[in-house]
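Look at the fold as a whole before turning to single side chains. The paragraphs below follow that order.

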Amino acid sequence: MNFERIRQVSRQAEELRARLQEPEIWQDPALFSRCQKDLQELAPLADAYARWESAGRELEGLEEMLSDPELRALAAEEQQQLLRRRAEEFNRNHHRPYVL
């Protein structure tokens, strides 16, 4: 998987979202339509990547909880849920399944 390409798609989607909020773009229906179409193509992958990244940040946050004996069981359960969520996002947007 080429994460740099996925990050690039994500950045392009964010740029298009910002551009579509600019009042000037509404004055050019062809440009507005083209930007909207491009965003519709990029958004599913960009949104999935954002959810995948969010789950990764949450996993990083669990590291401290995993080292605490009182919170370890709760953190381990949360960790498994996040890992499943990440795998589901990956599988939803790729041809070959990624198995934990």
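A contact means heavy atoms within 4.5 Å. In the chain, 49% of the contacts with a separation of 6 or more are between residues 24 or more positions apart. This is a predicted model, in which local features need pLDDT of at least 70, side-chain atom pairs count only at pLDDT 80 or more, and totals for chains, interfaces and linings use all residues. Residues are numbered from 1 along each chain as its sequence is written, and side-chain values use heavy atoms, with hydrogens and water left out.

The chain has 3 helices and 0 strands; these are DSSP runs, numbered from the N terminus, with at least four residues (H or I) for a helix and at least two (E) for a strand. The C-alpha atoms fill a box of roughly 60 × 30 × 20 Å along the principal axes.

Some side chains pair up in salt bridges, where a side-chain nitrogen of Lys or Arg is within 4 Å of a carboxyl oxygen of Asp or Glu. The count is 6. Arg-7 and Glu-4 form one of them, at 3.6 Å from N to O. Both lie in helix H1 (residues 3-20), 3 residues apart, which means a separation of about one helical turn. A network of salt bridges links Glu-4, Arg-7 and Arg-11.

Further along helix H1, what does Arg-17 pair with? The side chain of Arg-17 meets Glu-14 at 2.8 Å, N to O, and Asp-47 at 2.7 Å, N to O. Asp-47 lies in helix H2 (residues 29-66) and Arg-17 in helix H1, so this pair ties together parts that are 30 residues apart in sequence.
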